[in-house]
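Morning, everyone. Please have a look at the structure on the screen before I start.

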Amino acid sequence: MSKWISVKNELPSKFGWFLVLDKYLTGEKITMGFFEGEPSFMWIPLDDRENSDSMTVTHWQPLPEPPKEQ
């Protein structure tokens, strides 16, 4: 399992979906966010919020690997 990484210490090295802690409105909750990378370094929420600026990511980690078929 990955460890949580503070956005104050490091941002993802590429764009994509990540597991994030979002503290917007309801306190910190685990959700998914899309990191746009350069040049904006913006996080976009998974849910249907009208404004992507409403996401306040404090920590992130890569998504886990999917289960292996047996």
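I will go from the whole chain to the core, then to a few residues and a surface patch.

First, where this comes from. This is a predicted model, in which local features need pLDDT of at least 70, side-chain atom pairs count only at pLDDT 80 or more, and totals for chains, interfaces and linings use all residues. Residues are numbered from 1 along each chain as its sequence is written, and side-chain values use heavy atoms, with hydrogens and water left out.

Now the chain. It has five strands and zero helices. Helices (H or I, at least four residues) and strands (E, at least two) are DSSP runs, numbered from the N terminus. The pattern along the sequence is β-β-β-β-β. Of the 70 residues, 27% are buried. Buried means under 20% relative accessible area, exposed means over 50%, and partly exposed is in between, with a 1.4 Å probe and protein chains only.

Next, the core. Which residues form the largest nonpolar core? There are seven: F18, V20, F35, W43, M55, V57 and W60. A nonpolar core is a set of buried Ala, Val, Leu, Ile, Met, Phe, Trp, Tyr and Cys residues joined through side-chain atoms within 4.5 Å. Strands β2 (16-22) and β5 (57-62) each supply at least two residues of this core. In soluble globular proteins, nonpolar side chains tend to be buried together.

Take W60. Leaving out residues up to four places away in sequence, W60 touches a list that includes W4, L11, P12, F18, V20 and W43. Contact here means heavy atoms within 4.5 Å.

Is T58 buried or exposed? T58 counts as buried, because its relative accessible area is 14%. Beyond four places in sequence, T58 touches I5, S6, V7, L21, K23 and E28. Q61 has 6% relative accessibility, so Q61 counts as buried.

Last, the surface. W17 sits in strand β2. Its relative accessibility is 38%, so W17 counts as partly exposed. Together with L46 and L63, W17 forms a nonpolar patch with about 270 Å² of accessible area. Like charges are joined within 9 Å, and nonpolar side chains (Val, Leu, Ile, Met, Phe, Trp, Tyr) within 5 Å. Accessible areas come from the Shrake-Rupley method with a 1.4 Å probe; for residues, only the protein chains shown count as cover.

Terms used
Patch = residues over 30% accessible without salt bridge, like charges linked within 9 Å, V, L, I, M, F, W, Y side chains within 5 Å. Salt bridge = Lys/Arg side-chain N within 4 Å of Asp/Glu carboxyl O.
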